[in-house]
Amino acid sequence: MASRAAIVANPRREGVHEILPRLLSHLADKGWHVVLDPDLLASSAVVGDPLDWKKLESDLVITLGGDGTLLRA
């Protein structure tokens, strides 16, 4: 079974949209199944599975943003 990573990000934070495609590619190359914060999906050109906040099952959580993003995750 593939490991599962969740990405939670502040879509308004500078650099998030630029790093996201590279991060997703790297995780996919390593065999990770990635789910994305729905707010990030709505504001981004990337395609992916949405994170279900009510049933967060993840082996790894990556946050892109500041302290508020980390606390939200």
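Colleague: So two strands pair if DSSP finds at least two bridges between them. With that in hand, what is the order of the 4 strands in the open sheet?

Modeller: The order is β3-β2-β1-β4, and the pairing is parallel. Strands here are DSSP runs of E with at least two residues, helices are runs of H or I with at least four, and both are numbered from the N terminus.

Colleague: Which ones are the edge strands?

Modeller: Those are β3 (49-50) and β4, since each pairs on one side only. Before we go on, please keep in mind that this is a predicted model: local features need pLDDT of at least 70, side-chain atom pairs count only at pLDDT 80 or more, and totals for chains, interfaces and linings use all residues. Residues are numbered from 1 along each chain as its sequence is written, and side-chain values use heavy atoms, with hydrogens and water left out.

Colleague: Thanks! Over how many bridges do β1 and β4 pair?

Modeller: They pair over 5 bridges, in the parallel sense. If you want a spot to look at, Ala 6 stands opposite Val 61 in β4.

Colleague: Now the inside. Which residues touch the most other members of the largest nonpolar core?

Modeller: Ile 7, Leu 20, Leu 36 and Leu 64 do, out of 15 residues in that core. At least two core residues come from each of β1, α1 (16-29), β2, α2 and β4 (60-64). The largest share, 5 residues, is supplied by α1. A nonpolar core is a set of buried Ala, Val, Leu, Ile, Met, Phe, Trp, Tyr and Cys residues joined through side-chain atoms within 4.5 Å.

Colleague: What does Leu 20 touch?

Modeller: Leaving out residues up to four places away in sequence, Leu 20 touches Ile 7, Leu 36, Leu 40, Ser 44, Val 46 and Leu 64. A contact means heavy atoms within 4.5 Å.

Colleague: Let's switch to Ala 9. Is Ala 9 buried or exposed?

Modeller: Ala 9 counts as buried because its relative accessibility is 2%. The cut-offs are under 20% relative accessible area for buried, over 50% for exposed, and partly exposed in between, using a 1.4 Å probe and protein chains only. Ala 9 belongs to strand β1 (residues 4-9), and among its contacts beyond four places in sequence are Asp 37 and Arg 72.

Colleague: How many residues apart in sequence are Ala 9 and Arg 72?

Modeller: They are 63 residues apart, yet 9.3 Å apart in space, C-alpha to C-alpha.

Colleague: And how many salt bridges does the structure hold?

Modeller: There are 3, a salt bridge being a side-chain nitrogen of Lys or Arg within 4 Å of a carboxyl oxygen of Asp or Glu. In one of them the side chains of Arg 72 and Asp 37 meet at 2.5 Å, N to O. That pair links distant parts of the chain, 35 residues apart: Arg 72 is in helix α3 (residues 67-72) and Asp 37 is in the loop between β2 and α2.

Colleague: How accessible are those two?

Modeller: Arg 72 counts as partly exposed at 38% relative accessibility, while Asp 37 counts as buried at 0%.

Colleague: What about Arg 72 and Asp 39?

Modeller: Their closest N and O atoms are 3.3 Å apart, in a salt bridge. Arg 72 lies in helix α3 and Asp 39 in helix α2, so this pair ties together parts 33 residues apart in sequence.

Colleague: Which side chains meet in a salt bridge at 4.0 Å?

Modeller: Glu 57 and Lys 55. Glu 57 is partly exposed at 47%, and Lys 55 is exposed at 52%.
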